[in-house]
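Work through the exercises below with the coordinates open. Each task is followed by a solution in steps.

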Amino acid sequence: MRLSLTSRLSVISALLPALMVMLVVYIGATSWTAWMSLTNSRMLPNNNFVGFRQYELLLTNDRWLTSVHNVIIYGVLFVSLALLIGFLLAVAIDQRVRAEDTIRSIYLYPYAMSFVVTGLVWQWLLNPTLGIQHVLRSWGFAGATFDWIVRPETAIYCLVIAGVWQASGLVMAIMLAGLRGVDDEIWKAARVDGLPKWRVYISIVIPMMGASFATAAVLLSTAVVRLYDLSVSMTNGGPGIASEVPAKFVMDHLFERANIGLATAAATTMLITVIAVVAPYLYWRARKGEVR
Amino acid sequence: MSATALSSGRPRRISPARWGLYAFILITALYFLLPLYVMIVTSLKPMAEIRQGNLLALPASPSLAAWVKAWTSACTGLTCEGIRIGFFNSLRILVPSVVISILVGSLTGYALSLWRVRGANILFGAMMVVAFIPYQVFIYPLVRVFSFTGLGQSLATIVTIHTIFGLPTMTLLFRNYFTSLPVELFKAARIDGAGFYQIYARIMMPMATPMIVVAVILQTTGIWNDFILGLVFAGRDNLPMTVQLNNIVNSTQGERAYNVDMAATLLTALLPLVVYFGSGRWFVRGIAAGAVKG
């Protein structure tokens with residue numbers, strides 16, 4: 001139906017905030033960041049074009065290379081472990097267990113807590129002097145060592161432990177919804193055929209849950225790129241620069257090290273990476289939407 | 001319940017597989033509960049006991065002294081007024097941010113779902129894409145924009161920022177909900193002569209109560225748990241609780257008071273935990289609605 005002028009004005013007024021946000025914040029800010037990455041801005045933005053100089057500097061910057069290396073390690077381990085643990089938890093809950101609601105609440109509650117809280121709790125648990133290592137030794141395992149958080153080679157794995165603890169419940173919730181959507185007939189048919197349950201999960205159920213896995217994987221991946229609070233609160237990037245991450249690199253260079261050009265080059269690199277991951281997913285969802 | 005078909009007869013006898021299942025659930029549940037347990041017992045012990053004793057041991061004589069200290073006199077940088085400052089800052093940020101972001105998001109979702117606007121799908125699609133983009137891309141330009149407008153770092157700024165970054169998810173939530181309502185409802189109201197805002201305020205929002213509950217849960221936990229936006233945009237007088245907590249724990253000079261640290265950490269986690277355990281299945285619904293984009 002055709003809209004009257006008043007209706008049309010009302011619709012436009014309602015969409016004004018969203019339009020403003022799109023234009024000013026998203027498109028405007030993104031282009032400005034991209035442009036700044038091509039200048040030699042230090043403490044204050046300037047427009048001295050230097051081409052891809054900042055990106056070249058980035059590629060020889062130890063701190064950036066460590067950050068990228070760390071986020072890859074973190075990303076691979078965090079996403080795969082959270083998916084695996086989350087899926088196993090969902091399968092366990094889906095076996096008609098007692099006190100299902102309580103168990104589910106226990107698995108999911110870490111997700112309600114902030115990364116800062118998560119980081120600080122695990123910093124305390126992993127504290128070599130008084131934390132888990134100390135407990136193990138007091139139980140008689142005299143040589144037990146669990147000092148990952150103070151060692152440069154292993155600090156990043158501590159972030160993985162904390163991150164997986166925080167996010168597995170989310171995966172569990174998504175997977176459980178997926179499992180509950182599996183048709184009962186499939187289970188009946190499999191039982192008639194005498195298939196063992198684990199075979200049914202591997203051969204039939206998991207392939208049917210592609211959408212749940214994709215959703216969970218994309219959510220976890222965006223959390224990987226955003227990884228900042230956890231690194232700040234748990235290790236503050238340390239020991240040394242051992243657990244630095246790209247988001248922290250950008251923040252530090254913007255607000256402490258007064259190097260806007262380098263920071264925006266790093267931010268733009270993050271942006272391109274995210275688009276490369278998310279665009280195919282959104283395209284796939286849109287295609288699926290059309291089919292449905 | 002779709003799970004009824006899973007296990008066959010003999011409900012009385014417990015098979016070895018069943019034992020394995022419960023063992024798995026018990027061990028994983030302990031792993032998930034361990035940090036919460038350690039936080040609680042640590043916060044109730046005096047420092048001497050923490051230094052000598054075992055991380056997992058129950059406190060010999062539980063005391064709330066660390067909680068009182070964390071709330072009223074823990075030091076963040078130069079001031080020693082406790083984490084309560086951060087608590088009230090977070091509250092002042094939270095309430096307007098939740099209300100405004102839901103108002104703007106629901107209105108946008110409503111306009112994009114029921115009204116045929118040219119370009120609506122493009123706008124919506126673009127919003128879904130940017131929902132994934134890391135904050136680092138926007139942060140510096142936004143700092144400049146806000147200092148240019150004279151707002152600088154302030155309560156108004158951080159509320160605006162939360163509204164901006166909450167917009168994609170809120171729009172998605174309400175758009176999907178309004179799309180699922182019977183369209184006849186909307187058409188009938190139009191035929192009766194109701195205008196755009198009348199239909200929104202009188203018909204759509206009252207019907208969207210379940211979505212409003214979900215949105216409040218989602219935004220409350222999200223905004224309360226935010227660290228980076230509060231750090232950059234709130235300004236020194238309005239730093240949220242998460243930022244203050246991090247300052248209390250990580251910038252202490254001298255010996256760390258782990259009991260006070262853990263009490264402050266628990267205090268910061270308290271509101272989201274209350275929301276979580278109080279809301280039950282609504283929280284899961286929020287995850288499902290916010291997570292399954294598109």
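Predicted model: local features only at pLDDT ≥ 70, side-chain atom pairs only at ≥ 80, totals over all residues.

**Exercise 1. Which residues does Arg104(A) contact, leaving aside its neighbours within four places in sequence?**

Solution. 
- Step 1. In chain A, the contacts of Arg104(A) are Ile93(A), Met172(A) and Leu176(A).
- Step 2. In chain B, Arg104(A) is in contact with Tyr276(B) and Arg281(B).

**Exercise 2. How many salt bridges does the rule give over all chains, and how many across the interface of chain B and chain A?**

Solution. 
- Step 1. Over all chains the count is 13 salt bridges.
- Step 2. Across the interface of chain B and chain A the count is 0.
- Step 3. One bridge in chain A pairs Arg151(A) with Glu153(A), where the closest N and O atoms are 3.4 Å apart. Arg151(A) is partly exposed, with a relative accessible area of 36%.
- Step 4. One bridge in chain B pairs Arg256(B) with Asp261(B), at 3.3 Å between the closest N and O atoms. Here Arg256(B) is partly exposed at 22%, while Asp261(B) is buried at 3%.

**Exercise 3. Describe the interface of chain B and chain A by residues, area and polar contacts.**

Solution. 
- Step 1. Chain B puts 95 residues into the contact, and chain A also puts in 95 residues.
- Step 2. About 8600 Å² is buried between the two chains, and carbon and sulfur atoms give 74% of that area.
- Step 3. The rule finds 20 residue pairs in polar contact across this interface, both residues at pLDDT 80 or more.
- Step 4. On the side of chain B that touches chain A, helix H1 (residues 16–43) gives the most, with 16 residues.
- Step 5. By class, this side of chain B has 68 nonpolar, 18 polar and 9 charged residues.

**Exercise 4. Find the disulfide and state its handedness.**

Solution. 
- Step 1. The count over all chains is 1 disulfide.
- Step 2. Cys75(B) is joined to Cys80(B), with an S to S distance of 1.9 Å. The pair qualifies because the cut-off is 2.5 Å.
- Step 3. The link of Cys75(B) and Cys80(B) is right-handed, with 100 degrees about the S-S bond.
- Step 4. Cys75(B) is partly exposed at 37% relative accessibility, and Cys80(B) is partly exposed at 38%.
- Step 5. For another cysteine, Cys158(A), the relative accessible area is 0%, and this residue is buried.

**Exercise 5. Locate Ile204(A) and list its contacts beyond four places in sequence.**

Solution. 
- Step 1. Ile204(A) sits in helix H9 (residues 197–208) of chain A.
- Step 2. Its relative accessibility of 27% makes Ile204(A) partly exposed.
- Step 3. Ile204(A) touches Ile186(A), Leu195(A) and Arg199(A).
- Step 4. Ala190(A) is 14 residues from Ile204(A) along the chain, and their C-alpha atoms are separated by 9.4 Å.

**Exercise 6. Examine the backbone at Pro239(A), Asn236(A) and Arg96(A).**

Solution. 
- Step 1. From Gly238(A) to Pro239(A) the peptide bond is cis, with omega near -5 degrees.
- Step 2. Pro239(A) is in the loop between helix H11 (229–234) and helix H12 (246–255) of chain A. Asn236(A) also lies in the loop between H11 and H12.
- Step 3. Asn236(A), a residue other than glycine, has a positive phi near 50 degrees.
- Step 4. Arg96(A) likewise has a positive phi near 50 degrees. Its place is in the loop between helix H3 (62–93) and H4 of chain A.
- Step 5. Arg96(A) counts as partly exposed, at 36% relative accessibility.

Methods: Residues numbered from 1 in each chain as written. Chains lettered and ligands numbered in written order. Heavy atoms only, no water. Buried < 20%, exposed > 50% of the residue type's maximum accessible area, 1.4 Å probe, protein only. Contact = heavy atoms within 4.5 Å. Buried area = accessible area lost by both parts, 1.4 Å probe. Salt bridge = Lys/Arg side-chain N within 4 Å of Asp/Glu carboxyl O. Polar contact = N/O pair within 3.5 Å; in protein donor to acceptor, adjacent residues only side chain to side chain. Helix = DSSP H or I, 4+ residues; strand = E, 2+ residues; numbered from the N terminus. Nonpolar A, V, L, I, M, F, W, Y, C, P; charged D, E, K, R; others polar.
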